[in-house]
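The points are numbered, and each can be checked against the model on display.

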Amino acid sequence: MSIKTVFITLLFASIFFLFFTAHTTFAAACQPNEAGIFHCKAFTCFNAQTGKYEYDEHTCTVQTVGFPQSTCQALQTSSSRTYQSTALANTNWDDIDANLNCGTPPGCNQGTHGDNIPTCSGGGGGDGEGGGSCPTGCNANGDSCRATGSHLLPPVSVCPAQWIGDRCNDIPCAYRDECSCGSCLNGCSPSCEAGGCVGGGGEPTPTPTPAPSCSLSCPGTEITGGNDGGAGGGGGASGTAGGSSSTTYTAAGKAEGNITFTGINNFNCSVFTDENGYTGPCPSPTIVSGGGGGDSGILGTWTTRSQSSSKSSWSGFPFASYLSKLLKGTGITNSFSSVLGTSTLLAQANPGGGGASGGASGGTSGGSSTTWTFPEDFHILEQDQPKKYTATAIDSGGGASGGGQCACAVTLTCPETLQEPNEPGAIIEGCDNQCDFTVNPAQQHNNVETTFELEIPNGFDNITIDYDDGYGTTDSLEDATNDSSFEYTYRNAGVYDVAITCSTQPNGGGSSRSCTRRLTSYCTGTNLEDLPIGTPTPSPTPGPWMKVQDSSVHIRSSVTSSVPSGALAFDASDTATCSAGNPNSLACFNSGEAGGIVAESSSAEFGTEISKKGWIRRDENYAMNSLMTPSSFIEYVKARKDYKVVTALTADQLETNRIHLFDPETTALVSSDAIPDMIPAGSGMVIIVDGDMTIDMSALANQAFNQSKKAITFIVTGRLQISAATTELNGLFITNEVDFAYDYVGAASTPLKVVGNMSAMNSPLELCNEHRARIDSRLKPTCLFQFDYPNQFPPLIDMISTKTYDWTQLVPTSE
Amino acid sequence: MNIKISHSNNGKAQSGQVLLIAILLSTVLLTLGLSLLDLTGKDTRVTKIQEDTAKAQAAAEAGIEAALNDLNAEELEIATILNDTNYSGNVTVAELTHHSFQTPLISKDAQYTFFLTGYDPVAKTITSATMADNMVINRITPTDSGYCASDQAFAVELTFLSSTAGVVKRYLIDECDLLEATTDEYDFAATIPSADISPDPSVMIARIIAPNNNFDGAKLEIVNGTVDAEWPAQGKTITSTASFGESQVTKKVQLFQSFPQLPAEFFVTQM
């Protein structure tokens, strides 16, 4: 064999080898139209040699799912685990945290991508959530230890947008040159440039040290958050701000409002005393600092919703409910609640412990608990023995914060005027001739049995009663008669808002009504005959109110929707903030990224807080210019769009990604999720009803329409009628008119949440908060309208839009 | 010329007068006739040109229609569209990018949908891309600098939307102080940094808030704040040129068809 032959053979062999071993490179991008086996680049690993973050390639099987084909699914070859990405075409998996895990590169930090893989902390000062310990091998390989969170693109020649303006300490080394950190400006850490984990996991990102401060306000002196410097407290090397406030309630043993504590940087709420002998730890949390990693400090807040509508007294038993949230820089990572109740124990989760121990190394929120024993009989309010409660926030003195404190106190005394619970002035809510009760005796001391005699002449004979005793004590009767009654003995003096719910079916089923009256229990030793008759207490309970999230609003009628102070969330999804300075604040009409509000009424009432932007115009002369009504949209569709005429809203006639025109002989009815169930993920459907339409989800257990949030739009030229039992709608609902509880006269007791958007061209006869009034808590909005752009608009944008045309006559030019 | 009138020869004299009058009349009539003939000829030519002009105009508009109906059209021949070789010209369809984009007139309470990262009219999807440009919003109309004091006062609400994150940010341009506002306001011509509209919005909605019913509408200019950078196309620009007949009269029309516009009535929560 000649050398030439050997050479040619080797050449062909090389070509053959390359041909059969070459893989299609997935190139870290989702190519929805392609499926098969790819090399995918996942995980950014820090290469100490190059000082750059790099991708590592692994084999994945990628398949296309859904429509439009913008969703990919990657199957990890090694373990056949499935990760679904919402990646759009030509975007990087890691760029959007695609949950794609093609194996963990050895020595690289194990980003979790939602897995239960231990995450990296204890160094490195991650750029996101951190916690646990640094994975084995991180140090040995000299890899920079990174927490989960941002998954970086390969190095580019410009500073990536997400890092522009950030502190250099927060910018990965790989990008520091591009982000003008090369000269260690803006706090750049030289040790990072050396690369690698140093001393247990890389260079820690120092926790920014905001100026220590605290604020504390008592009921009646609520603050909106932020630093509340002022008298009191102080001290400490750095001049810790402090403040104090005090409120005395002498008319009744009832206090309303919040005690709010806000502390930054090592503030602890460490003392809570009733000044009658008890001094102990604060309800929760006892530590509001800690954490570390890339977080810019932790804001801890505890709030006591002490007396409000459902809790009645600072006196006696500790009725207060304490709700706490722990916020980290990137969002809420922990929330919990603890209740001071009949058990006399305050069990509390305590955030921040782990952070404290982890120091600046990026620990996650740890956990510890404190038990606070409240002597059961100690707090009975008695005549001439007012109770004073003081909460004090004290700086722990750690770090540079020095010491300092702020405090507030609430003093309670016995009721001093005689109140009549059976008069109209005592009605808090409801109480009509279908559902009411009388209190007998009208006035009594504590520890005396009280009888609640029902007044239910017609039908609403399934009764539940909430005694508002602070323990959540309730009672119920089925098939109650008009003279049925409940008996209860209040152990402590105070003011109680007793609520009954009258329904036509057991357990609140069927139609229901409600009635809440306020009664007063007087202190032992008080001579009732000597008390002056009090004037009826104006209802302190807020009326039903509406809330909007992330939307612009136009209201055509006069509106009264007063947001109460201490407002609570509608449900767990209602987390958008109402205040730029207080991320915990939920008390506003339009939360989140609120748009402008235009109310065609000069007296439109929304309470004190409109939104964190405060954009509102009250103008009785404003006349909304509606260019695209449901009727005119039909004409547009007929002229310009592809549509299908259907004779029923059934699966055999409806098609996904289609506009349907339905002209019902009678009112169209939607009573199940059959329509959204037939829509694949990523697709949508538009249904135009030329007439009226009813949505009644009472047959479903969740009483919700389209909880899977499929993209669906109803455009109704007539009236959209929502049954009172329906509690949730998901989709776009564009209608000429809307009736929020068409089958109910008066105010239905069920709340309503609309996720998507609701737009009615004409003012309804009754606004949502006029036609519905939830009874579980008036501190929660009765109606919540959440604007949902991602789920509802992009899949339908071609179907629910118009086009503009700009016509120009040009002068021809000779060529 | 001397004319002698002889009283003795009265008949001959009268005969000469009649001849003279006849000649004069004939001259006048001939002049009138020739003028009329000339006018008629000109009218005929004008009418012909007008006919050709109308046909060219109609052909140009037909070209626009044809392009509108053909999603994939890039260039069409007028003669082919009309199946008539007496016509000439063509239609071009382009998706033009702009450093600054002028919106059409936006009516009171209406809005304009501006695609920051682009729109694919075939796939009917919003383009997914990173938007890292600063932005400047200018007022084109009303032109009057004192517009706030007139019935042309208006404010603009800017909403930045992400297909994944939802409402990313909202800003208000309210030089006329029409709304109570506490924060997040910009003025016309001010630069809105990209960092203030992150993360990655793909669509911007500019909504007009104008209290007066006599408001004539506003035209805005959206300028890319990055030097030499251009916004993606906001629609199709169809240019149709058509000629007809011997006169070869040419008409040229252009139509800008925007990408999908979300009606404000569907976008704003109303009750």
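This is a predicted model: local features need pLDDT of at least 70, side-chain atom pairs count only at pLDDT 80 or more; totals for chains, interfaces and linings use all residues.

1. The side chains of Arg618(A) and Glu180(B) meet in a salt bridge, with N to O at 3.5 Å; the term requires a side-chain nitrogen of Lys or Arg within 4 Å of a carboxyl oxygen of Asp or Glu.

2. Residues are numbered from 1 along each chain as its sequence is written, chains are lettered from A and ligands numbered from 1 in the order in which they are written, and side-chain values use heavy atoms, with hydrogens and water left out.

3. With contact taken as heavy atoms within 4.5 Å, the interface draws 63 residues from chain A and 62 residues from chain B. Chain A and chain B bury about 5,800 Å² between them, 59% of it on carbon and sulfur atoms, where buried area is the accessible area (1.4 Å probe) that two parts lose on being put together, summed over both. In chain A, the residues that lose the most area to chain B are Trp615(A), Tyr789(A) and Trp807(A), together 12% of what that side buries.

4. Strand 27 of chain A pairs with strand 16 (residues 269-270) of chain B in the parallel sense over two bridges, strands being DSSP runs (E, at least two residues) numbered from the N terminus and pairing requiring at least two DSSP bridges. His554(A) has Gln270(B), in strand 16 of chain B, as its bridge partner.

5. Within chain A, Arg617(A) forms a salt bridge with Asp619(A), the closest N and O atoms being 2.9 Å apart. Arg617(A) is buried, at a relative accessible area of 17%, and Asp619(A) is buried as well, at 11%; buried means under 20% relative accessible area (1.4 Å probe, protein chains only).

6. In chain B, Asp109(B) and Lys108(B) form a salt bridge whose closest N and O atoms are 3.4 Å apart. Asp109(B) is buried with a relative accessible area of 2%, and Lys108(B) is buried with 4%.

7. Asp184(B) forms a salt bridge with Lys169(B), at 3.7 Å between the closest N and O atoms, and both residues are buried. Glu593(A), Lys612(A), Lys613(A), Lys169(B) and Asp184(B) are linked in a network of salt bridges.

Key. Helices (H or I, at least four residues) and strands (E, at least two) are DSSP runs, numbered from the N terminus. Buried means under 20% relative accessible area, exposed over 50%, partly exposed in between (1.4 Å probe, protein chains only).
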